[in-house]
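Hello,

Here is the structure I promised to pass on. My notes on it follow below.

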Amino acid sequence: MSSRMVCVADFEEYANEKLARTYKEYFSSGADQCQTLKENAEAFKRLRIRPRFLRDVSCRDLSTTLLGEKVDFPVGVSSTALQGLAWPDGDICTARAAAQLHSCMIVSTYANNSVEEISAASPGGLKWFQLYIMPDRPFTQRLVRRAEAAGYKALVVTVDLPVVGKRYPDLKNRFHLPPHLSVPNLQGLQSSASQSNDERNYGSGASPEDPALCWKDIDWLSSITNLPIILKGILTAEDAGIALDHPGVKGILVSNHGGRQLDGVPATIKVLPEIVAAVGERLEVYLDGGVRTGTDVLKALALGARAVFVARPAIWGLAYNGEDGVAEVLKILRNELDLAMALSGCRCLAEIKHPLVVGEEYYSKL
């Protein structure tokens, strides 16, 4: 690890200096006033850890399983579009780093490398595929078949994008995909003729949105694949409860799209407990949004997440040093989690339980 890069914030600072302004703002921006974007990280800071001592933490185990697949620690890489803006073959580099650390990567539909290229470049690594159920159902089905054939272990369906959120920097910068990059997973998909280039702020010329998307489409997806389905973007106990009635759904990724869709929704760590309570042991629950430190990971696990996923930190690692940079970011989070477990009296993930974490109001009542 570089002597100057000791925490995730160091990688953020470096990336903000290195990346071209348009690309930096594409990755860093949130929707509208960025209220949710800021709250994702700030909400973690308002949680307090109640450490336990004299528990012999000389041996610690950070490993777990995700839908039956073993990972060495409960931090993966969430789906992030257009990683080639941060580093050449960015998606491949991220996949290799995740495989190197025996973690999980969620590969974006909007990757700048194809599902096949990413899989071939990171053999043995656990990969899930992030999927938009697009209005062109035959195209969506072909994309599912490609992910299956390439060895992906789950489909992570983004549900919080019936329409694309409004991000001021992308509009001001007239963000578009540079000519040296493409989105090969969407080759052959036609964009909606009713959309302007400004509205297609994913930069590929094709839009994933489908305002008509509903629960019957989740059942349709279940009918065409045997891969487990994870719903990405669920933020309420009500929707989590409905998910239980759809057998193909095996997990929920609590996410607000990094604060990039509807501004003013709560931080993911705030809604995590209600979703965990709604599904009990019937679904695995994960979280992304605002995770920047090992203590953030510890707090999310204590409130019921099986694992967390990070997006922007991986981009910052890419911008710093490609595959090695992403690996450094993941190592920092792994080591910080290990330290937090030792200092709070937890020898394994099963010992990270709800009483370990409380809100600030807990101490104000004492």
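Let me start with threonine 158, which lies in strand β7 (residues 155-158); helices (H or I, at least four residues) and strands (E, at least two) are DSSP runs, numbered from the N terminus. Please keep in mind that this is a predicted model, where local features need pLDDT of at least 70, side-chain atom pairs count only at pLDDT 80 or more, and totals for chains, interfaces and linings use all residues. Residues are numbered from 1 along each chain as its sequence is written, and side-chain values use heavy atoms, with hydrogens and water left out.

Threonine 158 has 3% relative accessibility, so it counts as buried (under 20% relative accessible area; exposed is over 50%, partly exposed in between, with a 1.4 Å probe and protein chains only). Beyond its neighbours within four places in sequence, threonine 158 is in contact with residues including Gln130, Lys232 and His257 (contact means heavy atoms within 4.5 Å). Its side chain also makes a polar contact of 3.0 Å with that of glutamine 130 (a pair of N or O atoms within 3.5 Å; within protein, one must be able to donate a hydrogen and the other to accept it, and residues adjacent in sequence count only if both atoms are side-chain atoms).

UniProt, in an unreviewed entry, lists His257 as "active site"; such annotations may be inferred rather than shown by experiment, feature names are shortened, and positions follow the numbering used here. Histidine 257 sits in the loop between β9 and α10 and is buried at 11% relative accessibility.

Best wishes
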